[in-house]
Amino acid sequence: MVSIEQEREAMFKKLQLLRSITNSHAHDKASVVLDASKYIKDLKHRVERLNQDIATAAGFTGQNFPTIRVEEQEDDFMIKVFTTRNCQGLLVFILEAFEELGLEVLQARISASDSFILEAIATRENKEADDHIDAQVVEQVVLRGIQKWIEVSEQE
């Protein structure tokens, strides 16, 4: 038979694992489970956004769709956007996407003559905020900015 102490130890290990997966800092069971629930909801929203982005990007295969790369660097993000064609007005939509996410551009290098190249270092305006922003979230927001630019460009 499994003793009560072994069951408690097993439960404690499972809570520790759940806490580490969800980046929870809670100590009681109910709070850990609540954090896990929020984490799962966030993952579901990310999957929905990714599916939307994939569907949208699939419609632009005939165009030179911009390449987006985002890397985390301590508290900052290095954001690179590149496309082989000139994209007049794209920078405005990308900067609006940064603003939407609460990112402040610390340094940027832009070329928009024959092609569009953006290399920017951005940081969160409010570093004490509870919401977690990682490279994937930044990439998705930049992608939505590009999609908005494409929609506006097609209407003109």
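Me: Among contacts between residues at least 6 apart in sequence, what share join residues at least 24 apart?
Reply: 58% of them do. Keep in mind that this is a predicted model.

Me: And how much of the chain is buried?
Reply: Buried residues account for 31% of the 156 residues.

Me: What's the secondary structure?
Reply: The chain has 4 helices and 4 strands. In sequence order the pattern reads α-α-β-β-α-β-β-α.

Me: OK, helix packing. At what angle do H3 and H4 pack?
Reply: About 140°, with the axes 8 Å apart. H3 covers residues 90-101 and H4 covers residues 135-155.

Me: Left-handed or right-handed crossing?
Reply: The crossing of H3 and H4 is right-handed.

Me: Which residues make the contact?
Reply: From H3, they are Leu90, Phe93, Ile94, Ala97, Phe98, Glu100 and Leu101. From H4, they are Val137, Val138, Val141, Val142, Arg144, Gly145, Ile146, Lys148, Trp149 and Val152.

Me: How does that split by class?
Reply: The H3 contact with H4 has 13 nonpolar residues, 1 polar and 3 charged.

Me: Which residues of H4 are buried?
Reply: Ala135, Val137, Val138, Gln140, Val141, Val142, Leu143, Gly145, Ile146, Gln147, Trp149 and Ile150.

Me: How far apart are the end C-alpha atoms of H4, and what span should its 21 residues have?
Reply: The ends are 31 Å apart. At 1.5 Å a residue, H4 should span 30 Å, which agrees.

Me: Switching to backbone angles. What is phi at asparagine 23?
Reply: Positive, about 55°, although asparagine 23 is not a glycine.

Me: Where does asparagine 23 lie?
Reply: In the loop between helix H1 (4-21) and helix H2 (29-58). Asparagine 23 is exposed, with a relative accessible area of 55%.

Me: And what about phi at glutamate 74?
Reply: Glutamate 74 also has a positive phi of about 55°, and it is not a glycine. This residue sits in the loop between strand S1 (67-73) and strand S2 (76-83).

Me: What is the relative accessibility of glutamate 74?
Reply: It is 82%, so glutamate 74 counts as exposed.

Definitions and conventions: Residues numbered from 1 in each chain as written. Predicted model: local features only at pLDDT ≥ 70, side-chain atom pairs only at ≥ 80, totals over all residues. Heavy atoms only, no water. Axes fitted to C-alpha atoms, helices over the stretch in contact; angles between N-to-C directions. Helix = DSSP H or I, 4+ residues; strand = E, 2+ residues; numbered from the N terminus. Left-handed = near helix turned anticlockwise from the far one by under 90°. Contact = heavy atoms within 4.5 Å. Nonpolar A, V, L, I, M, F, W, Y, C, P; charged D, E, K, R; others polar. Expected span 1.5 Å × (residues − 1). Buried < 20%, exposed > 50% of the residue type's maximum accessible area, 1.4 Å probe, protein only.
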